[in-house]
Amino acid sequence: MSGALAAWFVVTLFSQHPRRRRDRLRALVPGGLVPDWRLFAPEPVQRDYVLVHRTVEADGGETPWRVTAPISGRSWRQFVWFPQRRAEKAIHEIADELLAHAAAQRREWSGHHTFGLLRDHVLRRVRQEYADSRSIAVGAQFGVLRSGGHDHTAEEELVLVSPFISCLEGAVGE
């Protein structure tokens, strides 16, 4: 039994190599018992997407762009435990898919399901911001900002801006 476990471990270890030619080892073990855990992404992410928003208040005034979901700073502790990164990763994946859809121009990108996810996230944030305020947000707009990643060496660029979204309709996600 220990020999079979050791063999499984060795096959699993060797099948994680970035070059796919060693995947033949995985084919030797039936039933998908050898996991595919790659230690490095074939095309690692080199930029972050930051979700930003601005609001239009009842008096017609527009607020400046504000960060909706900030990117956490990096530390050594995060190598072991970093649950906040899941939300950042979700925003990155959603924004990446929406940008690809907008670039392909297959249909109006504001009808894509990823637009709805970002819209609802921003509207929830706007409602939180204005919950204790005397002013009223009648509309919001979100943008996707491409930044240089955690080292911030590259300039930030606003790569997508949504149309005006009414904040006066029914509550989102409640």
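Which side chain meets E129 in a salt bridge with 2.6 Å from N to O? R66 does. The legends below describe close-up views of a predicted model.

**View 1. E129 and R66 pair across the sequence.** The side chains of E129 and R66 form a salt bridge, at 2.6 Å from N to O. E129 sits in helix 4, while R66 belongs to strand 2 (residues 66-67), so the bridge ties together parts 63 residues apart in sequence. E129 is partly exposed, at 29% relative accessible area. R66 is partly exposed too, at 24%.

**View 2. E129 also bridges to R125.** Here the closest N and O atoms are 3.6 Å apart. Both residues lie in helix 4, four residues apart, so about one helical turn separates them. R125 has a relative accessible area of 28% and is partly exposed.

**View 3. E62 forms a salt bridge with R54.** Their closest N and O atoms are 3.4 Å apart. E62 counts as exposed, because its relative accessibility is 52% and the cut-off is over 50%. The structure holds six salt bridges.

View 4. Strand 1 (48-57), helix 3 (85-104) and helix 4 (113-129) each give two or more residues to the lining. Helix 4 gives the most, with six. By class, the lining has twelve nonpolar, three polar and three charged residues.

How values were computed: Residues are numbered from 1 along each chain as its sequence is written. This is a predicted model: local features need pLDDT of at least 70, side-chain atom pairs count only at pLDDT 80 or more; totals for chains, interfaces and linings use all residues. Side-chain values use heavy atoms; hydrogens and water are left out. Ala, Val, Leu, Ile, Met, Phe, Trp, Tyr, Cys and Pro count as nonpolar, Asp, Glu, Lys and Arg as charged, and the others, Gly among them, as polar. A salt bridge is a side-chain nitrogen of Lys or Arg within 4 Å of a carboxyl oxygen of Asp or Glu. Buried means under 20% relative accessible area, exposed over 50%, partly exposed in between (1.4 Å probe, protein chains only).
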